[in-house]
Amino acid sequence: MAMQRGEGGYTYLMVLFLVAGVGLLMAGTGQTWQARAQREKEAELLAVGVEMARALRHYHDASPEAAKTWPADLAVLLEDRRFPEPMRHLRRIYRDPMTGTTEWGLEREEGRIVGIHSLSDKPPFRRANLPPELGEQAAEAKTVREWVFRPGAGAAGPTPPINTLAPDVRSARGARPGIFDRDD
């Protein structure tokens, strides 16, 4: 069968358009997936940052001295030895969801930690409904690094200490542990 002149190449051209269309569709899907993943990381960062800011507040409020102090290092939040029985203000040093490491940016005053922030330079998606531990300026932040979690007056009060060295009172009361009572 001989092709007539001018009829060749249409199938090839259609395949090229199909491949280009599939490529554009996949690129759009990839961008959507990446934005969704960052939004999830931001939500996790907000939860972790608030928890660490509350641990800083609890350390400060539990200070036995007349002059309340802030911690000099995050490790002190794990086991506070200022008391006869060590106190835990934080269960563990959480991983920064944006960077994947346990390294945090620290805001210091007089050598003491008064706030933490991520070390990520990604621009945030979330601009509204931010927790009070971030303060008013967080809505205008250009990067996630500018989200500084500080224990402030807007915090919902100190959280009770996590004292794993004390006897388990649940067993004394006969209560069964719930799903949130497990040690991670």
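Trainee: Which residues does F149 touch, not counting residues up to four places away in sequence?
Mentor: This is a predicted model, and what follows should be read as such. In it, F149 is among the residues with the most contacts inside the largest nonpolar core. Leaving out residues up to four places away in sequence, F149 touches L45, L46, G49, V50, A53, V114, G115, I116, E133 and L134.

Trainee: Which element gives the largest share of the largest nonpolar core?
Mentor: The largest nonpolar core has 25 residues, and M52, I116, W147 and F149 are those with the most contacts inside it. The elements that give two or more residues to this core are α1 and β2. The largest share, nine residues, comes from α1.

Trainee: In what order do the elements of the protein run from the N terminus on?
Mentor: The secondary structure comes to two helices and three strands. Helix α1 covers residues 10-61, while β2 spans 112-117 and β3 spans 148-149. Read from the N terminus on, the elements run α-β-β-β-α.

Trainee: Is S120 buried or exposed, and why?
Mentor: S120 is found in the loop between β2 and β3, and, leaving aside neighbours within four places in sequence, S120 is in contact with M98, T99, T143, V144 and R145. The class itself rests on accessibility, for which the cut-off is under 20% relative accessible area. Because its relative accessibility is 5%, S120 counts as buried.

Trainee: Which backbone nitrogen does the side chain of S120 reach?
Mentor: The residue in question lies in the loop between β2 (112-117) and β3 (148-149). From there, the side chain of S120 reaches, at 3.2 Å, the backbone nitrogen of K122.

Trainee: Which residues make the nonpolar surface patch of about 580 Å²?
Mentor: One of its members, L13, is found in helix α1, and L13 is partly exposed, with a relative accessible area of 39%. The patch of about 580 Å² is made by Y12, L13, M14, L16 and F17.

Technical notes
Residues numbered from 1 in each chain as written. Predicted model: local features only at pLDDT ≥ 70, side-chain atom pairs only at ≥ 80, totals over all residues. Heavy atoms only, no water. Patch = residues over 30% accessible without salt bridge, like charges linked within 9 Å, V, L, I, M, F, W, Y side chains within 5 Å. Areas by Shrake-Rupley, 256 points an atom, 1.4 Å probe, with all protein chains shown as cover. Salt bridge = Lys/Arg side-chain N within 4 Å of Asp/Glu carboxyl O. Helix = DSSP H or I, 4+ residues; strand = E, 2+ residues; numbered from the N terminus. Buried < 20%, exposed > 50% of the residue type's maximum accessible area, 1.4 Å probe, protein only. Polar contact = N/O pair within 3.5 Å; in protein donor to acceptor, adjacent residues only side chain to side chain. Contact = heavy atoms within 4.5 Å. Core = buried A, V, L, I, M, F, W, Y, C linked by side-chain atoms within 4.5 Å.
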